Amino acid sequence: MILKNGDNFLEKLDANFYLEHQIIVLLVALSFPMVYFFLDLRSKKKVNFISILGFVNVLLTGGIGVFGGMYGLSRLWFILKEGLMPLIIGLVFLFTIRKGNPLIRTFIYNEAIFNIEVIDQNLNKLDKMNDFNKVLENSSYLIVLAFFFSSIIQFILASIIVTVDPGHIDFNDQVGTMTWVSYFVVMIPSLSMFGLAIYRMVKGIKNLTGLGTEKFLKN
C-alpha cells in the first residue's frame, strides 16, 4: 500500500524533500519489516538463519531501489533477487537434510509446538526413532519443494510485473504490485505444502507412537 500510494501522498503534501519521492516511499515501506526484525530480535534474544535472510532480502530490495537508479542497475537485479532468496533457503534446508539434522527440527518440530520429551520417550521405548527420523526427512523434502516452487514463481512474476528499472517513477508501484500478487500466487501454494509437511509429521508421530494428538501437541 505504501509503495503504490506513497508517492501520490507526498506529491499532495508538496513537501520540499532532498530525496526523490520514490526513494522516500521505498525507505518508509522497508522500515516496517526492518523495525519488526529488530523488535523480534530484542524480545527473543536470538536470531535464526531464516530471519537473517529475510532481513538481507529487505536490505537488497532497499539497496536496489535506492541506488539502482543512481548507478544504472537494471530490473534484472531485482528479478534475480526475488528468485534467488527462496532458492537459497531451499538449498540450505536440503543441505541440512543431507547432513542428518534437518532444519525442520528448528522451525516446526520444536518445544513450542510439540511435547518432544513425551514423543522421544515413546519412540525410544518402541525402538522407532530411526523411523521417525525418516518421517522428518520426508516432511523436510516437502518444505524444500515449497521453496523451490516459490523461487521459480517469484522469478516468473518479477519478470512479468517489474518492467522498469530502479529509479523509474513506476518502479515502486510495480514492486508493490509484485508484493501483493505473490501473496496469492506464491504464499497460498507454499503454505499448503508446509501444511502437508506438518500433517505428514503429525500423522507419522501418531502411527509410530500410538499417542493421540492431545498427548504430544501443545495448546
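Which side chain meets that of Lys-134 in a salt bridge? The partner is Glu-137, at 3.6 Å from N to O, where a salt bridge is a side-chain nitrogen of Lys or Arg within 4 Å of a carboxyl oxygen of Asp or Glu. Both residues lie in helix α7, three residues apart, which is about one turn of the helix. Lys-134 is partly exposed, with a relative accessible area of 45%, and Glu-137 is likewise partly exposed, at 24%; here buried means under 20% relative accessible area, exposed means over 50%, and partly exposed lies in between (1.4 Å probe, protein chains only).

The model is a predicted one, in which local features need pLDDT of at least 70 and side-chain atom pairs count only at pLDDT 80 or more, while totals for chains, interfaces and linings use all residues. Residues are numbered from 1 along each chain as its sequence is written, and side-chain values use heavy atoms, with hydrogens and water left out.

The protein has nine helices and zero strands, where helices (H or I, at least four residues) and strands (E, at least two) are DSSP runs numbered from the N terminus. Of its 219 residues, 39% count as buried. Contact means heavy atoms within 4.5 Å, and among contacts between residues at least 6 apart in sequence, 74% join residues at least 24 apart. The protein exposes about 13,000 Å², of which carbon and sulfur atoms supply 64%; accessible areas come from the Shrake-Rupley method with a 1.4 Å probe, and for residues only the protein chains shown count as cover.

Asn-122 counts as buried because its relative accessibility is 13%, and, leaving aside its neighbours within four places in sequence, Asn-122 is in contact with Thr-209 and Leu-211.

Beyond this helix comes Asp-127, in the loop between α6 and α7. Most residues other than glycine have a negative phi. Asp-127, although not a glycine, has a positive phi of about 55°, and this residue is exposed, with a relative accessible area of 67%.

Rings of Phe, Tyr and Trp (its six-membered ring) pair if their centres lie within 6.5 Å, and planes under 30 degrees apart count as stacked, over 60 as edge-to-face and the rest as tilted. By this rule the count comes to eight aromatic pairs. One of them joins Phe-78 and Phe-171 edge-to-face, with 5.9 Å from centre to centre and 80° between the planes. This pair links distant parts of the chain, since Phe-78 is in helix α4 (residues 75-98) and Phe-171 is in helix α8, 93 residues apart. Both Phe-78 and Phe-171 are buried. The rings of Phe-147 and Phe-194 have their centres 5.7 Å apart and their planes at 85°, so this pair is edge-to-face. Phe-147, in helix α7, and Phe-194, in helix α8, are 47 residues apart. Phe-147 is buried at 15% relative accessible area, whereas Phe-194 is partly exposed at 23%. Phe-93, Phe-107, Phe-147 and Phe-194 form one aromatic cluster.

On the surface, Leu-76, Leu-80, Leu-84, Ile-88, Ile-152, Phe-155, Ile-156 and Ile-160 form a nonpolar patch with about 700 Å² of accessible area together. Patches are made of residues with over 30% relative accessible area and no salt bridge, with like charges joined within 9 Å and nonpolar side chains (Val, Leu, Ile, Met, Phe, Trp, Tyr) within 5 Å. Helices α4 and α7 each supply at least two residues of the nonpolar patch.

The salt bridges number three. The side chains of Lys-81 and Glu-82 meet at 2.4 Å, N to O; Lys-81 is buried at 6% relative accessible area, and Glu-82 is buried at 10%. Lys-218 and Glu-111 form a salt bridge at 3.2 Å, N to O. This pair links distant parts of the chain, with Lys-218 in the segment after α9 and Glu-111 in the loop between α5 (104-107) and α6, 107 residues apart.
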